[in-house]
Amino acid sequence: MERTILYGVSVLFLATLLAAPSVAQLGPLGPMNNGGWIPPDVTKKRCEAWAVTNAARLMKCIAGCRKAAATALLSNKTFDETACVEGPTPKQTSCLENYNKGNSRTTILNICATTTCIDDTSVHASVEAMAAAVLPATYCSGGTAFGANPRFGGSTPPDEATKNCENRALTNAAALMTCIASCRDSAASSLVKNLAFDEKTCVEGPTPKETSCFEKYDKASSKLATKASCATANQCLDAAGIRATVDSSVAPVLSGAYCNGVCGTDGLRYC
């Protein structure tokens, strides 16, 4: 009788161990919203988080090149947007050169020594694909092509007020990507420790104080839409469309960076 009880307890204990989810399979606790795998350990999470941070910085830098190009062209000055984004530049200050320098820092190389699945070139290409979709959607009101050597599509703003509005629309889009990257970092930090985190709500809402990425973006876009000085820009700016473009374009960036582990069991949109 005693042996039967002990055998039953042992079987139950073994079944409990087998049923317990691994760290890499915690989708039900907090599904990742935009693709990628839950990191298997904290070190790999730090490496993958850096890859997304550096990608967000790249997008912000590309936005800066576009704003500088708009300012120059509106003043009838020349500006090489492609050189600003890709280089080469004398002091290696182009967006791509800074991106590559960030990935080659000694501290990053040490952290990422065991994370071999990240393809920095592919992540960079995914960011450029996002920019290629977002920039024409934000610089949309003019009829003149964006300079002699534009890196991305779009039209030169017809006046200063419209330029400022379109600059702000691009700033909002870049901030949305940064916010989504922050949600991914929070999700990965929690899930790798077997803690719950709802990345989908962090990105999309609703939240009590409207602090999700979408809610903050929508508030900023609504404020822009009410400005009288933005009347010309608002004829073509589609805030909801730009938001959808960023949301879909960020997926390959996140899945390319969070590439270690096993897909969660629920809620992964691009896994």
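**Ground rules.** The model is predicted, so I take local features only at pLDDT of at least 70 and side-chain atom pairs only at pLDDT 80 or more, while totals for chains, interfaces and linings use all residues. Residues are numbered from 1 along each chain as its sequence is written, and side-chain values use heavy atoms, with hydrogens and water left out.

**Disulfides.** I searched the whole structure and got eight disulfides (pairs of cysteine sulfur atoms within 2.5 Å). I wrote up three of them.

Cys61 is joined to Cys95, S to S 2.1 Å. I get -85° about the S-S bond, a left-handed link. Cys61 sits in helix α2 and Cys95 in helix α4, so this pair ties together parts 34 residues apart in sequence (helices are DSSP runs of H or I, at least four residues, and strands are runs of E, at least two, numbered from the N terminus). Cys95 is buried at 2% relative accessibility, but Cys61 is partly exposed at 25% (buried is under 20% relative accessible area, exposed over 50%, partly exposed in between, with a 1.4 Å probe and protein chains only).

Next I looked at Cys117 and Cys259, with sulfur atoms 1.9 Å apart. The link runs from the loop between α5 and α6 to the segment after α11, 142 residues apart.

Cys140 and Cys236 have their sulfur atoms 2.0 Å apart. Their S-S torsion is about 75°, so this disulfide is right-handed. I find Cys140 partly exposed at 24% and Cys236 partly exposed at 27%.

**Glu166.** Both cysteines of that last pair turn up again here: Glu166 is in contact with Cys140 and Cys236, and its other partners include Tyr139 and Pro157, leaving aside neighbours within four places in sequence (contact is heavy atoms within 4.5 Å). Glu166 lies in helix α7, residues 160–191. What is the nearest side chain of opposite charge to Glu166? I find Arg66, 7.9 Å away; Glu166 is buried yet has no salt bridge (a side-chain nitrogen of Lys or Arg within 4 Å of a carboxyl oxygen of Asp or Glu).

**Core.** The largest nonpolar core has 59 residues, and Met59, Val134 and Met177 are among those touching the most other members (a set of buried Ala, Val, Leu, Ile, Met, Phe, Trp, Tyr and Cys joined through side-chain atoms within 4.5 Å). α2 gives the most to this core, 15 residues. I also checked Met59, which touches Val127, Val134 and Met177, among others.

Key. Lys, Arg positive; Asp, Glu negative; His and termini not counted.
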